[in-house]
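Hi everyone, thanks for coming. Let me put the structure up, and then we'll talk about charged pairs.

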Amino acid sequence: MRLESRFMASEDAHIEQANRNQQLLEFLFQNQPEYREWIVTIAFYKAVHLAEAVFSHGNWHSNSHESRLTHLKSARFAAMHAEFFQLYNESRQARYLESSTFSAHLPLEQMIRLLNRKLFGFEQK
């Protein structure tokens, strides 16, 4: 699915937003690590912007999380899908569970592993 719109962000705009998300991730992690639900959500949206930056090379932009996930399953992007999918799932948990429930679901050490393995892994692909 190709979407043509004057409102679609450029590759540079997506990279800039991913970098801003990284700055906020670092700030929250260093100063407010108890806000794990926000840290995981911001990490996911950083990955969203990185994926959209990659997609922009082919002049393709997603219009939903579902279309993005489907596009990442394609052979061209399959290596990125596993990391992205886990970040997507954890961010859904973060957004829809109560914060205390999410904190129990994803202890700090596990969140650190998630970010190190999945977000870093996604960035490398």
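**Salt bridges in this model**

Let's start with Glu123, which forms a salt bridge with Lys46, the closest N and O atoms sitting 2.2 Å apart. By salt bridge I mean a side-chain nitrogen of Lys or Arg within 4 Å of a carboxyl oxygen of Asp or Glu. This pair ties together distant parts of the chain: Glu123 is in helix H6 (residues 108-124) and Lys46 is in helix H2 (residues 36-56), 77 residues apart. Helices here are DSSP runs of H or I, at least four residues, numbered from the N terminus.

Before I go on, this is a predicted model, so local features need pLDDT of at least 70 and side-chain atom pairs count only at pLDDT 80 or more, while totals for chains, interfaces and linings use all residues. Residues are numbered from 1 along each chain as its sequence is written, and side-chain values use heavy atoms, with hydrogens and water left out.

So, are these two partners buried or exposed? Lys46 is buried, at 5% relative accessible area, whereas Glu123 is partly exposed at 31%. The cut-offs: buried is under 20%, exposed is over 50%, and partly exposed is in between, with a 1.4 Å probe and protein chains only.

Next up, Glu52 and Arg68 meet through their side chains in a salt bridge, 2.8 Å from N to O. Glu52 is in helix H2 and Arg68 in helix H3 (residues 65-73), 16 residues apart. Both of them are buried.

Then there's Lys125, which pairs with Glu83 in a salt bridge, with 3.2 Å between the closest N and O atoms. Lys125 is in the segment after H6, and Glu83 is in helix H4 (residues 78-96), 42 residues apart. Glu83 counts as buried, at 10% relative accessibility.

How many salt bridges does that rule give? The count comes to three.

Note on methods. Helix = DSSP H or I, 4+ residues; strand = E, 2+ residues; numbered from the N terminus.
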